[in-house]
Structures are given as structure tokens and as C-alpha cells.
Amino acid sequence: MNNLIAPSLLSADFGNLQADIEMINKSNADWFHVDVMDGVFVPNISFGFSIIKHIKKHAKKPLDVHLMITNPDRYIEEFVRAGADILTIHYEACNHLHRTLSMIRSLGTKAGVALNPHTPVSVLTDILAETDIVLLMSVNPGFGGQKFITNTYRKTQQLKEMIEREGTKTLIEIDGGVDDTNAKKISESGADVLVAGNFVFKAKSPTDAIDLIRN
Ligand code: DX5
Ligand code: ZN
């Protein structure tokens, strides 16, 4: 089976975002990955609601919104209104994960949890049933174009085993440093969704780059 591919708009051309959105619409990519950073949870600031609303207007595929922000509960409804189809919050930013995930699902949106590279997958054992997607960060969040952390293969395998054991339908998404040298091994480790920013948008042919990591 093919991986699902979610190009990260963080590496797109913000001077002509619509062109990059159209490219993804026409490509074999599956989702738009939208990285929101608040300058507190991560040492970078990206964009907020108004940009996401513009992306939503042109996008013909689901918006996979990854919140790298503290206190995500405060903004969940607004991100759903802005157009998130999948909303992923960070485990490290939530005191009451069960409540937050239930809130996301109650709004009709798929709920995801992201783990930083240092956070073991075992912390999610008791919450997997409420989680549609687990996003494993394979770089330290905050910037595109970083090097893939190879311990992610092991974490992916462990998470896959956990999901099979618990009998849930949770998808595994890998985010950071994905390219044509590691995509095969990542998906063989058990991943379902690959996020790629730099590899797609810096390629001569972004649509070919998408196909390369998809198959
Ligand atoms: C990093 C973001 C990623 C990033 C991926 O904090 O969550 O989605 O944009 O970009 P690449 O593929 O360039 O590592
Ligand atoms: Zn991301």
C-alpha cells in the first residue's frame, strides 16, 4: 500500500502560496500539512488563522493542522472554524490530553497527538482509543530542512505494535527530515503518513518528489 503524503506548506513560497496550493491539488499528495508555531512552544513563529482560511479557500484536499503551541485548548474551536480537517496538538503542551482530544472530536475533526523526539510512545498507551493520528516528530520541532533522527524507526515500530495490541485504527504520521533516502524504511517501520517540506518544495519537480516518497 502507498503511504499518504502530506507536503508541509512551511517550505512553500509565501509570496505565491496559491501556486503551491494548486500544485499540491494537482499532484498525488493526499493532505496539506499546515505547521502553526507560536514562538513559545518552539523557537519560531509561522502563521495563524487568516492564512489558514486562505489556504482552505484554495485547497481541494484535507488540511492537516499541526499545532506547535502552548495552551492549545484555547484555540481549538478557531482552528476548526478556519478549516482544519485533522487537528494535532503536542503531548508536551497538554495537561489534560483526554479532554483536549475529546473536544477536537466533538467538533467533527480528526484528533492527533504529536510527540517530540525525546518523548516515548508508551505515554500514549491509555489514550490511543481517543487518538485518530499519532505524529512522531523526527526532528526537533520549529524549523523545516533539518536532519532526520534515526531513532524514529524504532519508535515507529514500537507504536505500530502498541496500536495492534490495543486494536485501534490510529494512523502513524512521521514529520521532519523525510526524503527519498529514508521514506521506504520509515514506511516499512509502520508509518502511514509522511510529511515532507524541504524535499518537496526545494525539488526541481515537486510533483515528482511527491511520487518518489509515495511509492
Ligand atoms: C517542523 C515541522 C515540519 C517541517 C517538515 O517543526 O513540524 O512539518 O516543516 O519539514 P522538512 O520536511 O523540511 O523537515
Ligand atoms: Zn509539522
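Colleague: Which residues in helix 1 meet which residues in helix 2?

Modeller: Bear in mind that this is a predicted model, and then read a helix pair by listing the partners on either side: here L17, Q18, I21, E22 and N25 in helix 1 meet I51, I55 and H58 in helix 2. By class, this contact has 4 nonpolar, 3 polar and 1 charged residues.

Colleague: At roughly what angle do the axes of helix 1 and helix 2 cross?

Modeller: The axes of helix 1, residues 17-26, and helix 2, residues 49-58, come within 10 Å and cross at roughly 45 degrees. Angles under 35 degrees count as roughly parallel and those from 65 to 115 as roughly perpendicular, and helix 1 and helix 2 are therefore oblique to each other.

Colleague: Is the crossing of helix 1 and helix 2 left-handed or right-handed?

Modeller: The crossing of these two helices, helix 1 and helix 2, is right-handed.

Colleague: Which residues of helix 1 are buried, and what do they pack against?

Modeller: The buried residues of helix 1 are L17, D20, I21, M23, I24 and N25, and they pack against strand 1, strand 2 (32-37), helix 2, helix 7 and helix 8.

Colleague: Turning to helix 8, which of its residues are buried?

Modeller: In helix 8, which spans residues 206-214, the buried residues are P206, A209, I210, I213 and R214. Seen down the axis of helix 8, these buried residues fall within an arc of 130 degrees, so they line one face of the helix. What covers them includes strand 1 (4-7), helix 1, helix 6 (183-188), strand 8 (193-196) and helix 7 (198-201).

Colleague: Where is T119 placed, and which residues is it in contact with?

Modeller: The loop between strand 5 and strand 6 (133-137) holds T119, which counts as buried at 6% relative accessibility. Leaving aside neighbours within four places in sequence, the contacts of T119 are with Y91, E92 and K155. For one of these, E92, the separation along the chain is 27 residues from T119, while their C-alpha atoms are separated by 8.3 Å.

Colleague: In which helix does T152 lie, and which residues does T152 touch?

Modeller: T152 lies in helix 5, residues 151-166, and at 4% relative accessibility T152 counts as buried. Not counting residues up to four places away in sequence, T152 touches M137, S138 and I174.

Colleague: What is the phi of N71 near, and where does N71 lie?

Modeller: A backbone angle can be read together with the place of its residue. Phi of N71 is near 50 degrees, a positive value in a residue other than glycine, and N71 lies in the loop between strand 3 (63-68) and helix 3 (76-82). With a relative accessible area of 40%, N71 is partly exposed, a term that covers values between the 20% limit for buried and the 50% limit for exposed.

Methods. Residues numbered from 1 in each chain as written. Chains lettered and ligands numbered in written order. Predicted model: local features only at pLDDT ≥ 70, side-chain atom pairs only at ≥ 80, totals over all residues. Heavy atoms only, no water. Axes fitted to C-alpha atoms, helices over the stretch in contact; angles between N-to-C directions. Helix = DSSP H or I, 4+ residues; strand = E, 2+ residues; numbered from the N terminus. Parallel < 35°, antiparallel > 145°, perpendicular 65-115°, else oblique. Left-handed = near helix turned anticlockwise from the far one by under 90°. Contact = heavy atoms within 4.5 Å. Nonpolar A, V, L, I, M, F, W, Y, C, P; charged D, E, K, R; others polar. Buried < 20%, exposed > 50% of the residue type's maximum accessible area, 1.4 Å probe, protein only. Arc of directions from axis to C-beta.
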